[in-house]
Amino acid sequence: EDPPNMRRHTLISSTKLLVGTLLMVCCSVFAEGADDQVQTEFVGWGKAGYNPEQYQTGFLEKLPGSGRQIGFIKSLDPSKRGFGTLMRTAAIQEHRGKRIQLTSFIKTSNADSVAAWFRVNGKTKTLAFDNMSDRRIKGSKDWDRVNLVLDIPVEAESVSYGIMLEGKGKVWFETPTFQVVDQTVRTTNRKRHNIRTLELESKSLQVVGKPRGTSTSKSRDAK
């Protein structure tokens, strides 16, 4: 017969596995069927893109067991070209001179092209930028982690970031988190590409209008 401590350890491990499995199923069902719980505005976030009116955006109630907010973007007319994004801008002063990793979890359904994006803003120009152009998420994918890593120069004024859907489909995402990483973590900066192309892409990533609660450079620091 197994010792009592071994049986207790086995029971605890089995319980944790069961709870984790149930949570994943719950999260998936929650995201798929919760459009009736939409919160159209979420403090600090705004809608942007190219033909953004062709996309429905919003936030759902907090993800069970996580405490983080879930946002979504859904195409309304598959025949129309464009992309929609939910984005925010935040002050970054305390992270100047550091390397920052943005992390989010993303789930897609019949999506043409989905990406997280991350931009470092100077006073008059973009200092660093990544929109996952070399690793877009397509089709229907279950929840998966994405990481974007950029250096924050000392002259940086703010950062902008978000999730975007290009073309048709739907995407759910967990609001991104940030952490400082060391120099062994490689950056995903696209600055090495043609800077003019980068600037033109960045211009489309500006909030449409001025939704209530949209962050400016005076927003709270990214954390």
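## Exercises on a predicted model

The protein chain exposes about 12,200 Å², of which carbon and sulfur atoms supply 52%. The structure is a predicted model, and the exercises below go from the whole chain to single side chains.

**Exercise 1. Describe how many helices and strands the protein chain has, and in what order they run.**

Solution. Begin with the count, which gives two helices and ten strands in the protein chain. Then follow the chain from the N terminus, where the elements run α-β-β-β-β-β-β-β-β-β-β-α. Turning to cover, 44% of the 223 residues count as buried. Finally, consider the contacts with a separation of 6 or more, of which residues 24 or more positions apart account for 80%.

**Exercise 2. Determine how far strand β2 is covered, and which strand it is joined to by bridges.**

Solution. Strand β2 spans residues 55–60, and five of its six residues are buried, so that the strand is mostly covered under a cut-off of 20% relative accessible area. Next, look for its partner: six bridges join β2 to strand β3 (residues 70–75), and the two strands run antiparallel. As a point of reference in this pairing, Phe59 stands opposite Gly71 in β3.

**Exercise 3. For the salt bridge between Asp151 and Arg99, give the distance and work out which parts of the chain the pair ties together.**

Solution. The closest N and O atoms of Asp151 and Arg99 are 2.6 Å apart, which falls within the 4 Å that a salt bridge requires. Asp151 lies in strand β7 (residues 137–151) and Arg99 in strand β5 (residues 99–121), so the pair ties together parts that are 52 residues apart in sequence. The two partners are then placed by accessibility: Asp151 is partly exposed, with a relative accessible area of 32%, whereas Arg99, at 10%, counts as buried.

**Exercise 4. Carry out the analysis for Lys168 and Asp112, and then for Asp77 and Lys80.**

Solution. Lys168 forms a salt bridge with Asp112, and their closest N and O atoms are 2.9 Å apart. Because Lys168 lies in the loop between β8 (158–166) and β9 (170–174) while Asp112 belongs to strand β5, this pair ties together parts that are 56 residues apart in sequence. Lys168 is partly exposed at 36% relative accessibility, and Asp112 is partly exposed at 34%.

In the pair of Asp77 and Lys80, the closest N and O atoms of the salt bridge are 3.8 Å apart. Asp77 is partly exposed, with a relative accessible area of 25%, and Lys80 is partly exposed as well, with 43%. To complete the survey, note that Asp130, Asp134 and Arg135 are linked in a network of salt bridges, and that the count for the model comes to seven salt bridges.

**Exercise 5. Decide whether Ser160 is buried or exposed, and identify the side chains that it meets through polar contacts.**

Solution. Locate the residue in strand β8. At 1% relative accessibility, Ser160 counts as buried. Its side chain is joined to that of Thr89 by a polar contact of 2.8 Å, and to that of Asn121 by a polar contact of 3.0 Å. Widening the view to contacts in general, and leaving aside neighbours within four places in sequence, Ser160 is in contact with Met87, Arg88, Thr89, Trp117, Phe118, Arg119 and Asn121.

Definitions and conventions. Residues are numbered from 1 along each chain as its sequence is written. This is a predicted model: local features need pLDDT of at least 70, side-chain atom pairs count only at pLDDT 80 or more; totals for chains, interfaces and linings use all residues. Side-chain values use heavy atoms; hydrogens and water are left out. A salt bridge is a side-chain nitrogen of Lys or Arg within 4 Å of a carboxyl oxygen of Asp or Glu. Buried means under 20% relative accessible area, exposed over 50%, partly exposed in between (1.4 Å probe, protein chains only). Helices (H or I, at least four residues) and strands (E, at least two) are DSSP runs, numbered from the N terminus. Two strands pair if DSSP finds at least two bridges between them. A polar contact is a pair of N or O atoms within 3.5 Å; within protein, one must be able to donate a hydrogen and the other to accept it, and residues adjacent in sequence count only if both atoms are side-chain atoms. Contact means heavy atoms within 4.5 Å. Accessible areas come from the Shrake-Rupley method with a 1.4 Å probe; for residues, only the protein chains shown count as cover.
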